[in-house]
Amino acid sequence: MHLPYQCGPLHDLPDTPQAYDAVLADVTEQALARITPEGSLEHPDAHDDIGDTSLGITSLLALAWQRGKDPRLPEAVRHSLAFHLRERVYTEDNPGYPNLRAVNSGLPYARYVLAAGAHPIGDWPSTVWALLQTVNVLDAADGLLDDEQRTELRKLARGYWRWLTEATFFNPQQAGNQAIGCVVGGLMLARHVPPDESDPVRSRALALYAEEIRAHRVRDRGALLPPEHGGAYDNNYGPISLSFLAQAHRISGEEMFAEDGDTLARYLDARLTCGGYDNGGPRYSEQHSGFESVLGLRYFSARIGSDLGRYRGDTRWGRHAVRQDGGIDGHFAFMLVWQIQDTTRWHRTPSARPARHQLRAGTVSVAFDSRMTPSLVEAGGTYHLPAAVRRQHGFGPVTDGFLLCRPMGEVRVADVRADGLAAKLVTKPVVGRDHVLRHVRSLYVTDGTRLWVTVAVERLDGAPYLLSGLPYAADDGDQVRRSAEGEVTSAGGLRLTHPTQAGPDHFDARAELTQEQAAFTLAADPRGYGNPDEGWRHLVSSSALEADPAPGAPDGLHVFAVRYGPGGDFAPTFDHDDQGLTVHTEAFTAVVGDPPGDAHGEPRLTLSR
């Protein structure tokens, strides 16, 4: 089976003006064939996320008219706009909406579901989206709208803004992408209101960003990030937030949007594999955005100088939102408008500078979590997740069922590149059940095709092994295929074990079950509302690669050595002297210094072919 939402890299989609004109031409034909006598451009199967969708397609038709002057479009734009103004603007409070600060305000808003009281919780983001569609139509109004419609549309945009910022609590779902989108709406609205209103609207938008979003960023892997549904980052919504930051910077020129976008982009770059696969988040684990992410990934790939477009998006939504039958839906259409208007081109080569939470070269990458434990290992086209043993998750030595990967003190990192090799040494103080402090030294070396992992720790009791990951998925053309195996070799014995118990808290990689499905099963709340990352943390056991100690380790040490990716025999040797632990493999020699390291306590590492 294939993972349903991880398709091709987004930078593989053509983004020339001619390609975008072809997209708009397709939208035009679909819209003109669909438009109802009342002027609706909604997809007939639309139910939720609907309150702004006809207006979204109207904005695409307005952009298409700007670019090509198709004589059929002005009437369609005016007719569909009249439909939205007449049928999709609500001013009576939605029964059951819980986030009002002013009851019976009479201000306009958009509904997530049209029926009164039917799932009203989504009205706040739907109104943000409606505001953004509205200002996009206003941007294209010259020569297209008459004065009456333009005046009514401008009044509607002001009303949406007031409902979002006065009548309701701001960002009630604690969703960074929605909140930044609202700020963008205010910044764009400020260009369409009289001068005496423009400065207050812009100032209010900037203040909301600074005080309600920026001041509440969440730290993960050393980066401060806009919080997303209660977590630091979600691999569906995080790149969408990046697109909103790109648009905020494009239209305002405010440096804080660029700074925060750079931070989020570098964070995303570090956690993303070479092949573009990623997983994790407080709302979705493996559901990736498509066209909604393109603006931010492209804009900030150029700013930080890295190939963010390798991100595997949902290319079924590569141009715009679609329904089951493949027909266009107007949801999030503003993102397609902005990416067509933006002239930034993709940066397609990796960043050359080392990143603390990533090791990457060629087709090999390791992403590290905040504890500098691998969160994802990629080699040989296969992706390995952290395995679970006795409710403990990670990569590291295991003794008597206890996983030694949680640091008890400062984690030190050294990066070295030499002779076509890239290496990272991670030194952690850890405490076992016996309360003894040990130093776990983990060396990761890659030549761009293979990954060598060597872990040294003071000698352990019992029969220790190295928990070496959960083989989970593999590249398969433009898709990612579920897998339960990988090309892995160990200097000691190696076995792939599977849970002996059944149940949702035991993940067997051989089952046709995605990580996201398993995580939501264990989450406290329903799918789409619960936290799959939190659910996955309840996992008791999983399939796991277990590597026995390598033979020939120096006295007083256990050394584990594993190679991911293709290769022949693997028989590393080890020496220990005053310089530290020397590791000899078929590809390199590395000297790993003993704790405490140099004069500042930093780990010492030398590397050569």
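**A helix pair and a sheet**

Mentor: Let's begin with two helices: α4 and α5 cross in a left-handed way. Keep in mind that this is a predicted model.

Trainee: Okay! At what angle do α4 and α5 pack, and how far apart are their axes?
Mentor: Helix α4 (residues 123-139) and helix α5 (residues 147-167) pack at about 150°, and their axes are 9 Å apart. Because angles over 145 degrees count as roughly antiparallel, α4 is roughly antiparallel to α5.

Trainee: Which residues of α4 and α5 meet there?
Mentor: On the α4 side they include Trp124, Val128, Leu131 and Leu138. The α5 side brings, among them, Leu153, Leu156, Tyr160 and Trp161.

Trainee: And how many of the contact residues are nonpolar, polar or charged?
Mentor: The contact of α4 with α5 has 13 nonpolar, two polar and three charged residues.

Trainee: Switching topic: in what order do the strands of the open sheet run?
Mentor: Six strands make up that sheet, ordered β3-β4-β5-β6-β16-β17, with antiparallel pairing. The edges are β3 (358-361) and β17 (479-482). Each of these has a single partner strand, so one side of each lacks a neighbour in the sheet.

Trainee: How much are neighbouring strands turned against each other?
Mentor: On average by 20° in this sheet, ignoring direction.

Trainee: What about β6 and β16, how many bridges join them?
Mentor: Four bridges link β6 (residues 382-385) with β16 (residues 470-476), and the two strands run antiparallel.

Trainee: Which residue in β16 is the bridge partner of histidine 384?
Mentor: That's proline 471.

Methods: Residues are numbered from 1 along each chain as its sequence is written. This is a predicted model: local features need pLDDT of at least 70, side-chain atom pairs count only at pLDDT 80 or more; totals for chains, interfaces and linings use all residues. Side-chain values use heavy atoms; hydrogens and water are left out. Two strands pair if DSSP finds at least two bridges between them. Axes are lines fitted to C-alpha atoms, for helices over the stretch in contact, and angles run from 0 to 180 degrees between N-to-C directions. Angles under 35 degrees count as roughly parallel, over 145 as roughly antiparallel, 65 to 115 as roughly perpendicular and the rest as oblique. A crossing is left-handed if the near helix is turned anticlockwise from the far one by less than a right angle, and right-handed if clockwise. Contact means heavy atoms within 4.5 Å. Ala, Val, Leu, Ile, Met, Phe, Trp, Tyr, Cys and Pro count as nonpolar, Asp, Glu, Lys and Arg as charged, and the others, Gly among them, as polar.
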